[in-house]
Amino acid sequence: MPVPPEALLVTVAPTGAETTKADCPQLPTTLPELVRAAQDSEEAGAAMVHVHIRDDDHRPSLDPERLKDTVAALREGTGLVVQLSTGGSVHDPLDARLEVLDAAPDSCSLTMGTTNFGDDVFSNPWPFICDLYQLSQEREVVPEFELFDLGHVAALARLIARYGLPYGGKVHVDFVMGVPGGMPGTTDALVAGVAALPPEVTSWSATGIGRTTLAVGLAALSKGGHLRVGMEDVLTLSRGVPVESNAQLVERAVAMGALAQRRPMTPAEARELLGCR
Ligand code: KMH
Ligand code: ZN
């Protein structure tokens, strides 16, 4: 059955790779903290979790065993669609990022181009994108295409034209806006991005980094899109007011959705929307 238009996919991105535990002790960096954050977020209305893991010293990690344990623990403790980040941190090598799929998540992020990322470079060369995409098709993992810039939208059209549709037949993208070096987190930029999406795209969400979070969230709702929120993307609720938990951000997204007469999608509906198993 098709997912009704009033259903709102809320994805929670609880951890990311950029914030240190020392700077933000409430950031979920251990497996029990991550599972608890995911459970509370599910309770608040999230249907998918976008996962970055950390090592015992709370540093970003792509350790294969740890990734497998994380997928298992999230499946055991939640009903959420489990999406592993293949972006990792800006320091992760491309081969380790491909190996993320060995952990057999439901979904994986797939960024559609290289981006200046603050003072760093988030590297996504075209041959890497093609390898990761083909691997996702082979492994039956549903990609979420991360679009940091308008050029990434054009690259998505090129990728689909060359290699066909993803596993599951649906094409879901997420606009990641407001990264210093990427497209700005504005309504105008979102409108341009949505207008440029290739016809194969079946659903889209948006997330605004830092102070752009509300502008992007409201613009996405007004265009009928879905939302990604979480401590990967924003650490304050308003100027000087720190985020205490990921569930708090999910609750706010659900409340914004309610104003737009949208209700949170269930994980089962999210699987249908995304074409996950
Ligand atoms: N941490 C960023 C460099 C993704 O998860 O795929 C990349 C990122 C995107 O967060
Ligand atoms: Zn990420």
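**Zinc and ligand 1**

Mentor: Start with the metal: along the chain, the donors of the zinc ion (ligand 2) are spaced H-x1-H-x179-E. Keep in mind that this is a predicted model.

Trainee: What makes residues donors of the zinc ion (ligand 2)?

Mentor: The cut-off is 2.8 Å from the metal. His50 (NE2), His52 (NE2) and Glu232 (OE) coordinate the zinc ion at 2.1 Å, so these atoms count as donors.

Trainee: Where in the chain do His50 and Glu232 sit?

Mentor: In distant parts, 182 residues apart. His50 is in strand β3 (residues 48-51), while Glu232 is in the loop between β13 (226-229) and β14 (236-238).

Trainee: How much of ligand 1 does the protein cover?

Mentor: 97% of the 300 Å² of accessible area that ligand 1 has on its own. Its space is the largest pocket.

Trainee: How do the shell residues around ligand 1 divide?

Mentor: Three are nonpolar, seven polar and two charged. Among the residues around ligand 1 are His50, His52 and Glu232.

Note on methods: Residues are numbered from 1 along each chain as its sequence is written. Chains are lettered from A and ligands numbered from 1 in the order in which they are written. This is a predicted model: local features need pLDDT of at least 70, side-chain atom pairs count only at pLDDT 80 or more; totals for chains, interfaces and linings use all residues. Side-chain values use heavy atoms; hydrogens and water are left out. A residue is near a molecule or strand if one of its heavy atoms lies within 4 Å of it. Accessible areas come from the Shrake-Rupley method with a 1.4 Å probe; for residues, only the protein chains shown count as cover. On a 1 Å grid over the protein atoms alone, a cavity is a set of points where a 1.4 Å probe fits but cannot get out, and a pocket is an open set with protein on both sides within 12 Å along at least five of seven lines; lining residues have an atom within 4 Å of a point. A molecule sits in a cavity or pocket if more than half of its atoms lie within 2 Å of its grid points. Ala, Val, Leu, Ile, Met, Phe, Trp, Tyr, Cys and Pro count as nonpolar, Asp, Glu, Lys and Arg as charged, and the others, Gly among them, as polar. Donors are N, O and S atoms within 2.8 Å of the metal (3.2 Å for Na, K and Ca); water is not among the atoms, so sites may look incomplete. Helices (H or I, at least four residues) and strands (E, at least two) are DSSP runs, numbered from the N terminus.
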